[in-house]
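I am opening my notebook on a new structure.

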Amino acid sequence: MDDKKLILSGIQPTGTFTLGNYIGAVRNWGTLQDEYNCIYCVADMHAITVRQEPAKLRQNTLNSYALLMACGVDLEKSILFIQSHVKTHAELSWVLGCNTQFGELSRMTQFKDKSQKHADDVNSGLFTYPVLMAADILAYNADLVPVGVDQKQHLELARNIAQRFNQRYGDFFKLPEPYIPKMGAKVMSLQDPTKKMSKSDENPNACILILDDKDTVIRKFKRAVTDSDAEVCFREGKDGINNLMTIYSVFTGKDMDTITAEFAGKGYGDFKLAVGETVADSLEPIRTEFERLIQDKAYLKKCYTEGAEKALRYSQRVVSKVYHKVGFVDKG
Ligand code: TRP
């Protein structure tokens, strides 16, 4: 490849993404492709660290793959693959695991949270999950990793593992840096704007899914919780309005002052409708493209097969060198 920096990211196959996933991560995956070499994976191996229904996982993985394409990941520019199709991830994960301390993994806050949430299934995959994530990144010697706050600690660990490997076996891995998108916005729940928007919220009106149809999107925004004054302006304490303004700003490119001026003298009802319509119209082409792709199973298969071949070719070079460095006998 050329001298562009390499970006790597992964997303778990939940089937459909929330507006939060879209604004915080997936939307940027498309825009990064011109400036960087990008490798993206659907992390189905990460998904099985908690119980999954097999048929559903398979479906969700395919849906996620098609949805990433619909959201702008361009296979002419980037590599997009399904994690379990590329064996180097599991192979490297083992070696890295032997260079990771039990104590380090015990300190991961996501492990602590998830082992509480899934107390009946605290499996060792859940514990070593960050090692697999380090393998995803280091198998390509990636320069940059776009991550949200919840994954920052895992990226930090990946750097520590890389550094330790380099000390033991000689300089080899690049230390991956976090990539913070220029327009990074955190999207909050529409029903309780002090909480992050989440697909698992028990109130379905709290969360916009990017495959929601137009009426649903508009209805959810109409019901969004705001406050008791009536001024569309970005100010501390106005969490609901701030959230809606952030979303509106992302989709229209308008800054907060412009938005305030646009809705001066108008009520929250008008504003919420405008946000709803803007979001629905922006998501419409994604939904249409997704429907087209998910029907075309043969094309989808061709895409993920080629993606996996490219990813394997790339990562195999790295992992073969790692195997040699740790003292495994070279294959003929
Ligand atoms: N663990 C990440 C998450 O749950 C997904 C992921 C898997 C990932 N492999 C990755 C993110 C590599 C960045 C880089 O969100």
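I settle one term before I start: contact means heavy atoms within 4.5 Å. I also note that this is a predicted model.

**Entry 1: a glycine**

I begin with Gly20, which is found in helix α1, residues 19–31. Which residues does Gly20 touch, not counting residues up to four places away in sequence? I find Ala25, Val187 and Met197. I also check Gly20 against Gly276, which lies 256 residues apart from Gly20 along the chain. Their C-alpha atoms are separated by 15 Å.

**Entry 2**

Next come the helix pairs. Two packed helices are described by the angle between their axes and the distance between the axes. I look up both for each pair.

Helix α4 covers residues 88–97, and helix α13 covers residues 297–326. Their axes come within 10 Å and cross at roughly 25°. Angles under 35 degrees count as roughly parallel, so α4 and α13 are roughly parallel to each other. The crossing of α4 past α13 is left-handed.

I list the residues that meet. From α4 they are Thr88, Glu91, Leu92 and Val95. From α13 they are Leu312, Ser315, Gln316, Val319, Val322, Tyr323 and Val326. By class, I get 7 nonpolar, 3 polar and 1 charged residues in the contact of α4 with α13.

**Entry 2: α4 and α7**

I stay with α4 and turn to helix α7, residues 124–138. The axes of α4 and α7 come within 8 Å and cross at roughly 120°. The two helices are therefore oblique to each other. The crossing of α4 and α7 is right-handed.

On the α4 side, the contact is made by His89, Leu92, Ser93, Leu96 and Gly97. On the α7 side, I write down Val131, Leu132, Ala134, Ala135, Asp136 and Leu138. By class, the contact of α4 with α7 has 7 nonpolar, 3 polar and 1 charged residues.

**Entry 3: α3 and α13**

I go back to α13 and check it against helix α3, residues 54–70. The axes of α3 and α13 come within 11 Å and cross at roughly 85°. That makes α3 roughly perpendicular to α13.

Leu62, Tyr65, Ala66 and Met69 of α3 meet Tyr299, Leu300, Cys303 and Tyr304 of α13.

**Entry 4: the ligand**

Last, I look around the ligand. The residues that surround the ligand are Leu8, Ser9, Gly10, Gln12, Ala43, His46, Tyr129, Met133, Asp136, Ile137, Val145 and Gln151.

I then look up distances from polar side-chain atoms.

- For Asp136, an N or O atom in the side chain is 2.6 Å from a nitrogen atom of the ligand.
- For Gln12, a polar side-chain atom lies 3.1 Å from an oxygen atom of the ligand.
- For Gln151, a polar side-chain atom lies 3.3 Å from a nitrogen atom of the ligand.

Notes: Residues numbered from 1 in each chain as written. Predicted model: local features only at pLDDT ≥ 70, side-chain atom pairs only at ≥ 80, totals over all residues. Heavy atoms only, no water. Axes fitted to C-alpha atoms, helices over the stretch in contact; angles between N-to-C directions. Helix = DSSP H or I, 4+ residues; strand = E, 2+ residues; numbered from the N terminus. Parallel < 35°, antiparallel > 145°, perpendicular 65-115°, else oblique. Left-handed = near helix turned anticlockwise from the far one by under 90°. Nonpolar A, V, L, I, M, F, W, Y, C, P; charged D, E, K, R; others polar. Near = heavy atom within 4 Å. Polar contact = N/O pair within 3.5 Å; in protein donor to acceptor, adjacent residues only side chain to side chain.
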